[in-house]
Amino acid sequence: MKNNYLSEREMNVMQVLWKYEKPMTVTEIVESEKELTTPTVHTVLRKLLDKGYVQVIDTVQTGKVFARRYNAVVLGQRDLDFLGLTRT
(Lines give C-alpha, C1' and ligand atoms only; values in the text may rest on other atoms or scores of the structure.)
Protein backbone atom coordinates (compact mmCIF):
# COMPACT_ATOMS: atom_id res chain seq x y z
CA MET A 1 0.00 0.00 0.00
CA LYS A 2 1.34 3.38 -0.97
CA ASN A 3 0.33 5.32 2.15
CA ASN A 4 -1.46 4.65 5.39
CA TYR A 5 -4.13 7.34 5.21
CA LEU A 6 -7.72 7.19 4.05
CA SER A 7 -9.50 10.43 3.25
CA GLU A 8 -13.04 10.97 4.50
CA ARG A 9 -14.48 10.04 1.08
CA GLU A 10 -12.25 6.96 0.83
CA MET A 11 -13.48 5.88 4.25
CA ASN A 12 -17.11 6.49 3.15
CA VAL A 13 -16.70 4.16 0.17
CA MET A 14 -14.87 1.54 2.23
CA GLN A 15 -17.65 1.62 4.84
CA VAL A 16 -20.24 0.93 2.14
CA LEU A 17 -18.23 -2.05 0.89
CA TRP A 18 -17.78 -3.34 4.45
CA LYS A 19 -21.46 -2.83 5.30
CA TYR A 20 -22.81 -4.84 2.37
CA GLU A 21 -19.97 -7.42 2.40
CA LYS A 22 -20.33 -8.15 -1.30
CA PRO A 23 -18.79 -6.91 -4.53
CA MET A 24 -20.52 -3.72 -5.70
CA THR A 25 -20.64 -1.57 -8.82
CA VAL A 26 -20.22 2.21 -8.73
CA THR A 27 -23.98 2.58 -9.24
CA GLU A 28 -24.74 0.33 -6.27
CA ILE A 29 -22.34 2.29 -4.07
CA VAL A 30 -23.90 5.62 -5.09
CA GLU A 31 -27.43 4.29 -4.54
CA SER A 32 -26.55 3.07 -1.05
CA GLU A 33 -24.82 6.29 0.04
CA LYS A 34 -26.78 9.29 -1.25
CA GLU A 35 -24.09 11.87 -0.37
CA LEU A 36 -21.72 10.27 -2.90
CA THR A 37 -21.83 11.05 -6.62
CA THR A 38 -20.84 8.82 -9.50
CA PRO A 39 -17.77 10.89 -10.50
CA THR A 40 -16.62 11.02 -6.86
CA VAL A 41 -16.97 7.25 -6.42
CA HIS A 42 -15.06 6.60 -9.66
CA THR A 43 -12.22 8.85 -8.47
CA VAL A 44 -12.16 7.37 -4.97
CA LEU A 45 -12.19 3.78 -6.24
CA ARG A 46 -9.28 4.57 -8.55
CA LYS A 47 -7.31 5.84 -5.54
CA LEU A 48 -8.33 2.87 -3.38
CA LEU A 49 -7.26 0.48 -6.14
CA ASP A 50 -3.90 2.24 -6.32
CA LYS A 51 -3.50 1.99 -2.53
CA GLY A 52 -4.48 -1.69 -2.54
CA TYR A 53 -7.62 -1.35 -0.39
CA VAL A 54 -10.05 -2.62 -3.06
CA GLN A 55 -9.87 -4.97 -5.99
CA VAL A 56 -11.92 -5.49 -9.14
CA ILE A 57 -13.69 -8.84 -8.75
CA ASP A 58 -15.36 -9.06 -12.15
CA THR A 59 -17.30 -7.18 -14.79
CA VAL A 60 -21.08 -7.43 -15.08
CA GLN A 61 -23.49 -6.23 -17.73
CA THR A 62 -26.01 -3.70 -16.48
CA GLY A 63 -28.38 -2.81 -19.28
CA LYS A 64 -26.29 -1.95 -22.33
CA VAL A 65 -23.06 -1.21 -20.47
CA PHE A 66 -20.52 -3.23 -18.54
CA ALA A 67 -19.61 -2.29 -14.98
CA ARG A 68 -16.78 -3.39 -12.73
CA ARG A 69 -17.63 -4.82 -9.34
CA TYR A 70 -15.32 -3.85 -6.49
CA ASN A 71 -14.58 -5.66 -3.26
CA ALA A 72 -12.79 -4.44 -0.13
CA VAL A 73 -9.41 -6.08 0.46
CA VAL A 74 -9.18 -4.65 3.99
CA LEU A 75 -12.23 -5.95 5.84
CA GLY A 76 -12.97 -3.41 8.54
CA GLN A 77 -11.78 -1.11 11.32
CA ARG A 78 -10.16 -4.02 13.15
CA ASP A 79 -8.01 -4.68 10.07
CA LEU A 80 -7.10 -0.98 9.83
CA ASP A 81 -6.13 -1.00 13.51
CA PHE A 82 -4.05 -4.14 13.03
CA LEU A 83 -2.26 -2.61 10.04
CA GLY A 84 -1.68 0.63 11.93
CA LEU A 85 -3.67 2.62 9.37
CA THR A 86 -5.52 5.79 10.20
CA ARG A 87 -8.08 8.00 8.56
CA THR A 88 -7.45 11.69 7.78
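1. The side chains of Asp 58 and Arg 69 meet in a salt bridge, 2.7 Å from N to O. Asp 58 lies in strand E2 and Arg 69 in strand E3, so the pair ties together parts that are eleven residues apart in sequence. This is a predicted model. Asp 58 counts as partly exposed, because its relative accessibility is 26%. Arg 69 is also partly exposed, at 24%. The two residues are bridge partners as well: Arg 69 in E3 is the partner of Asp 58.

2. Strand E2 covers residues 54-62, and it pairs with E3 in the antiparallel sense over eight bridges. Val 54 stands opposite Ala 72 in E3. E2 and E3 form a hairpin with two residues between them. Gly 63 sits in the turn and has a positive phi of about 70 degrees.

3. Overall layout. The protein chain has four helices and four strands. From the N terminus the order is β-α-α-α-β-β-α-β. Of the 88 residues, 33% are buried. The accessible surface comes to about 5700 Å², and carbon and sulfur atoms account for 50% of it. Take contacts between residues at least 6 apart in sequence: 55% of them join residues at least 24 apart.

4. Helix H1. This helix spans residues 8-20, which is 13 residues. From first C-alpha to last it reaches 19 Å, close to the 18 Å expected at 1.5 Å a residue. Its buried residues are Glu 10, Met 11, Asn 12, Val 13, Met 14, Val 16, Leu 17 and Trp 18. Note that the list includes Glu 10 and Asn 12.

5. The core. The largest nonpolar core has 21 residues. Those with the most contacts inside it are Val 13, Met 14, Ile 29, Leu 45 and Leu 48. H1, helix H2 (26-32), helix H3 (38-51) and strand E3 (65-72) each supply at least two residues. H1 gives the largest share, six residues. Leaving aside residues up to four places away in sequence, Val 13 touches Ile 29, Leu 36, Val 44, Leu 45 and Leu 48. Leu 48 is found in H3. It is buried, with a relative accessible area of 0%. Leu 48 and Val 73 are 25 residues apart in sequence, and their C-alpha atoms are 9.8 Å apart.

6. How many salt bridges does the count come to? Three. One of them joins Lys 51 and Glu 10, whose closest N and O atoms are 2.9 Å apart. Lys 51 is in helix H3 and Glu 10 in helix H1, 41 residues apart, so check this link between distant parts of the chain on the model. Both residues are buried.

7. Glu 35 forms a salt bridge with Arg 9, with the closest N and O atoms 3.0 Å apart. Here too distant parts of the chain are linked: Glu 35 is in the loop between H2 and H3, Arg 9 is in H1, and 26 residues separate them. Glu 35 is partly exposed at 45% relative accessibility. Arg 9 is partly exposed at 34%. Asn 12, in H1, is buried at 12% relative accessible area. Beyond residues up to four places away in sequence, Asn 12 touches Glu 35 and Leu 36.

8. Is Glu 21 buried or exposed? It counts as exposed, because its relative accessibility is 70%. Glu 21 follows H1 and is found in the loop between H1 and H2. Its phi is positive, about 50 degrees, although it is not a glycine. Thr 25 has its place in this loop as well. By contrast, Thr 25 counts as buried, at 5% relative accessibility. Not counting residues up to four places away in sequence, Thr 25 touches Val 60, Ala 67, Arg 68 and Arg 69. Arg 69 is the residue that meets Asp 58 in point 1.

Methods
Residues numbered from 1 in each chain as written. Predicted model: local features only at pLDDT ≥ 70, side-chain atom pairs only at ≥ 80, totals over all residues. Heavy atoms only, no water. Buried < 20%, exposed > 50% of the residue type's maximum accessible area, 1.4 Å probe, protein only. Contact = heavy atoms within 4.5 Å. Areas by Shrake-Rupley, 256 points an atom, 1.4 Å probe, with all protein chains shown as cover. Expected span 1.5 Å × (residues − 1). Core = buried A, V, L, I, M, F, W, Y, C linked by side-chain atoms within 4.5 Å. Pairing = 2+ DSSP bridges. Salt bridge = Lys/Arg side-chain N within 4 Å of Asp/Glu carboxyl O.
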